[in-house]
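Q: Could you walk me through this model before I start working with it? I'd like to go chain by chain and then look at how the chains meet.

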Amino acid sequence: MTKVLEVQSLTKGFTMHHLGSTLAAFEQISFDLQAGEFLLLKGQNGAGKSTLLRTLYRSYVAQSGQVIFHSRHGTIDLLRAAEVDISLLRREEIGFVTQFLLARPRVTAEALVAEPLRMAGHSAPDALAEARKWLAEFGVKQSLWRAYPTTFSGGEQQKVNLARALILPQKLLLLDEPTASLDSQARAALVARLAELKAAGTAMIGVFHHPGDVADLIDRVIDLTPETTPDEERNDVVV
Amino acid sequence: MTIALDAPRLVQAQPLLTAQNVSKSYGDVQAVRDVSAEVFPGEVLGIVGESGSGKSTFLRMLNLEETPDTGTYTLDLPEVEGNLFELDRFARRMLCAKRIGIVYQNPHLGLLMNHSSSGNVAERLLVAGERRFTELRERASEALQASEFPLERLDAPPIELSGGMQQRVQLAKAIALEPALLLLDEPTTGLDVSVQALVLDTLKRLQQDRNITMVIVSHDLGVIRTLADRVMVMRRGAVVEAGLADQIFQDPQHAYTQQLVHAKL
Amino acid sequence: MSLSSLTKDWEPMSYGFLDASAKREIRRKMLKAVAVPGCQMPYASREVPMARGWGTGGLQVSLTLVNPKTTVKVIDQGADDSVNAASIRRFLARVSGAPTTLDTLEADLIQSRHRIPEEKLRADQVLVLQVPNPEPLRPVQPNMSIARQMHADADYGRMWLQLYEQIVRSGRVMQGASYPSLVNGRHVMTPSPIPRWDVPKLHMAEHLTILSAGREKRLHAVPPFTRVEPLVFDDVPYKVEEHGELICGRSGAKGFFMNEIPQDDGTSTYEISDSDYGVKTIRQAEGAQVHLGETWYKNGELS
């Protein structure tokens with residue numbers, strides 16, 4: 001097993017200058033993640049599950065700790081890496097899947113989905129063909145492929161978003177409740193795609209409202225509920 | 001935890017633009033204090049801040065219109081080396097004409113209002129030495145088309161055009177020579193919201209299609225959020241916070257940035 | 001030895017009207033102008049007994065160059081006999097004692113307003129052109145300080161832009177007289193308001209041309225054998241006025257620059273603009289022994 005991520009004593013809190021106060025999100029979290037491993041984050045609302053994902057993705061700034069990521073370019077602490085490297089890793093190796101699509105005006109659904117492949121250097125026709133395959137897989141009607149997702153319903157937007165987020169196999173995938181409000185076909189497609197990526201070696205950290213959706217994929221669980229030291233559980237324990 | 005400019009690097013990417021310790025005073029007023037920035041090829045750097053924060057002055061320095069009291073500025077281009085602030089007027093003019101495009105908030109600064117729109121674009125090609133009429137016309141049309149300017153108005157003077165169209169002419173002029181660096185100074189300020197969205201959209205498309213390196217200055221966080229990969233927040237001439245765009249907007253660290261982000265509707 | 005034997009007698013004015021220091025200044029500026037072809041040199045521009053704007057710049061240069069052996073010819077739009085040309089000629093002769101002529105071939109110094117004679121000028125002749133506005137960049141840059149920087153940088157894109165605009169708006173280059181031209185591949189100058197027909201005559205010419213603006217206090221020069229290239233687009237050729245096929249109604253001369261004379265019935269007749277060439281053509285037709293010099297244009301085509 002190859003290590004993908006080593007999280008050591010990660011601490012995150014929010015300083016709210018206008019209130020003059022700080023809000024602790026989580027403290028001293030440590031865990032390792034291997035290639036092809038699926039880690040479920042659990043805890044009450046507000047326990048810091050999404051915050052942890054965003055901290056790993058560098059959308060949030062951590063207070064202390066280390067997040068060692070084994071990139072194909074070398075090993076680096078994500079918390080201290082230069083922004084240019086974070087941008088590069090986000091393009092090439094670290095994916096973040098949310099339930100929200102950042103649609104842009106006058107960009108078609110298929111172009112939006114093909115974009116990660118284009119940025120990774122695939123040719124335009126190849127990227128487009130692949131994009132259409134995944135739009136179909138997630139159940140986006142063909143008539144919508146060349147339409148602008150800004151006008152889509154929430155559910156359709158989310159499917160486009162998933163197709164875009166999962167089209168390019170990555171080393172580390174952060175999943176922030178991607179199944180919320182998905183219909184069953186799309187959910188099945190999502191789980192199938194995740195299983196495929198996992199088998200191909202993608203390490204995943206996920207937050208799910210209904211972990212049952214991905215029960216078969218879960219290798220480990222971390223409980224972020226405060227007052228309890230975050231301890232690891234096996235997936236044979238009832239979640 | 002702040003990210004130092006000399007943070008460990010995974011990949012040895014060479015920044016296109018490097019500005020270091022740039023300061024400038026006008027009399028007693030320190031307009032820009034010790035600002036440093038790096039922009040990598042294909043990246044969009046957004047600079048936000050309220051009026052008088054020094055962001056536009058800094059941008060004008062990047063366009064070599066102003067010279068700071070101290071500081072260095074380099075571009076990683078084959079034709080120039082060393083501190084660009086030390087270039088003479090002629091070298092500055094040639095560099096700006098050929099490699100740096102700029103779009104001003106006020107179209108009067110960037111356009112000849114009574115010349116034709118195509119002529120405004122052609123002027124840049126003329127400075128670079130193009131002397132064929134048909135070629136000038138073709139390339140001007142191409143640039144205008146890329147800026148989504150209606151070609152039936154090709155020869156209309158900007159004075160007869162709407163604000164949004166004027167910005168497109170400026171943009172066409174800026175990209176006509178495929179610049180290495182595109183500078184945008186409040187490009188959508190003063191436009192109707194709907195027109196603003198169209199201009200932003202054009203910018204976004206251009207950025208993606210041509211992978212142009214941009215520095216965009218705006219007090220409008222929405223504009224910066226739409227375009228920028230990285231953001232620099234300026235206040236009273238100094239940088240108070242810099243980071244990845246999503247980090248600045250989702251988890252601002254500095255009190256001023258928090259105030260700015262939370263004030264956004 | 002007395003003081004009177006060491007000094008000149010009192011005279012009502014200096015030789016050639018201008019005082020020695022004025023002439024020395026203009027001579028220096030002419031030398032500079034010759035050294036940097038097409039570059040405008042500022043000079044003091046003294047008062048002469050003529051209103052500014054009536055050829056005072058040309059007159060000052062002529063007064064500086066003239067000596068008692070210089071044969072002087074003065075033309076105004078090609079004609080020797082206009083009031084302005086006649087009075088400048090008479091003035092030059094009176095203050096210098098120089099002989100005058102109407103014949104281009106006989107002249108040593110030709111002061112002209114807005115034309116270059118049709119007969120080729122020789123290396124021993126000097127052409128002085130009167131210039132109302134010496135700054136070709138004025139239409140595109142009203143600030144003269146910036147215009148000078150533009151000259152220094154050879155920043156002439158705006159000049160081409162002006163041509164571009166003319167073609168876009170009118171389908172052709174509309175610039176008639178004062179066609180901006182690049183001298184020696186470096187400075188853009190205005191050749192004074194000569195017609196387009198005359199601009200190619202300056203290119204690699206044998207004679208020296210001094211262009212002087214008295215009101216604007218600037219002079220520039222085109223030395224012999226210097227390139228003078230009208231600004232054009234590579235794919236839009238320079239065109240002179242279509243006078244090649246026109247025939248002078250009075251002299252029968254054909255293929256030269258003509259003045260259009262509107263008639264009562266709405267048509268036009270034409271008369272040769274270079275009046276002395278017209279006179280010589282008529283004399284020749286009458287059987288007189290006349291020497292017609294070699295012309296720049298032959299049968300209406302530049303040779």
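What follows is a conversation about this predicted model, taking up its chains, strands, contacts and domains in turn.

Q: Let's start with chain B, what is its secondary structure made of, in helices and strands?
A: Chain B holds 10 helices and nine strands, and its C-alpha trace extends over about 55 × 45 × 45 Å along the principal axes.

Q: And how does the radius of gyration of chain B sit with that of a compact globule?
A: The two agree, because a compact globule of 265 residues would have a radius of gyration near 18 Å and chain B has 18 Å.

Q: What share of chain B is buried?
A: Of the 265 residues in chain B, 50% are buried. As for the contacts in chain B with a separation of 6 or more, 65% of them are between residues 24 or more positions apart.

Q: Is strand S3 of chain B enclosed or open?
A: Strand S3 of chain B, residues 44-48, is largely enclosed by the rest of the structure, because five of its five residues are buried. Being buried here takes 20 or more other C-beta atoms within 10 Å of the residue's own.

Q: Which residues of S3(B) point which way?
A: Val44(B), Gly46(B) and Val48(B) point one way, while Leu45(B) and Ile47(B) point the other way, and all of these are buried. In a regular strand, side chains alternate between the two faces of the sheet.

Q: Which strands does S3(B) have bridges to?
A: One is strand S7 of chain B, residues 213-218, which runs parallel to S3(B) and is joined to it by five bridges; there, Val44(B) stands opposite Met214(B). Another is strand S8 of chain B, residues 230-235, also parallel to S3(B) and joined to it by four bridges, with Val233(B) in S8(B) as the bridge partner of Val48(B).

Q: Switching to chain C, what is the strand order in its open sheet?
A: The open sheet in chain C has six strands in the order S1-S8-S7-S4-S3-S2, and the pairing is mixed. At its edges are strand S1 (41-42) and strand S2 (72-76) of chain C, each of which pairs on one side only.

Q: How many bridges join S4 and S7 of chain C?
A: Five bridges join strand S4 (residues 126-130) to strand S7 (residues 208-213) of chain C, and the two run parallel. Within that pairing, Leu129(C) has Leu211(C) in S7(C) as its bridge partner.

Q: Which strands does helix H3 of chain C touch?
A: Helix H3 of chain C, residues 56-65, packs on the sheet and touches strand S3 (109-113), S4, S7 and S8 of chain C, with its direction at about 155° to that of S4(C).

Q: And what does helix H2 of chain C lie across?
A: Helix H2 of chain C, residues 20-35, lies across S1, S7 and strand S8 (218-222) of chain C, and runs at about 45° to S8(C).

Q: Where's Asn143(C), and is it buried or exposed?
A: Asn143(C) is in the loop between S4 and helix H5 (144-153) of chain C. It is exposed, because 11 other C-beta atoms lie within 10 Å and the cut-off for exposed is 12 or fewer.

Q: How is chain C divided into domains?
A: Chain C is divided into domain 1 (20-230) and domain 2 (258-302), whose centres, taken over C-alpha atoms, are separated by 24 Å. The contact between them involves 16 residues of domain 1 and 12 residues of domain 2 of chain C. On the side of domain 1 that touches domain 2, the residues are five nonpolar, three polar and eight charged.

Q: Now the chain contacts, which pair of chains shares the most?
A: Of the two pairs of chains in contact, chains A and B share the most contacts, with 26 residues from chain A and 24 residues from chain B taking part. Helix H2 (83-92) and strand S5 (74-77) of chain A each supply at least two residues of the side of chain A that touches chain B, and H2(A) gives the most to that side, with six residues. That side of chain A divides into 11 nonpolar, eight polar and seven charged residues.

Q: How many residues of chain C are in contact with chain B?
A: There, 13 residues of chain C are in contact with 16 residues of chain B. Helix H6 of chain C, residues 157-170, contributes the largest share of the side of chain C that touches chain B, namely seven residues, and that side is made up of seven nonpolar, one polar and five charged residues.

Q: How far apart are the closest C-alpha atoms of chain A and chain C?
A: The closest C-alpha atoms of chain A and chain C lie 33 Å apart, and no contact joins the two chains.

Key: Residues numbered from 1 in each chain as written. Chains lettered and ligands numbered in written order. Predicted model: local features only at pLDDT ≥ 70, side-chain atom pairs only at ≥ 80, totals over all residues. Rg over C-alpha atoms; globule rule 2.2 N^0.38 Å. Contact = placed C-beta atoms within 7 Å. Pairing = 2+ DSSP bridges. Axes fitted to C-alpha atoms, helices over the stretch in contact; angles between N-to-C directions. Nonpolar A, V, L, I, M, F, W, Y, C, P; charged D, E, K, R; others polar. Domains from an automatic or database assignment.
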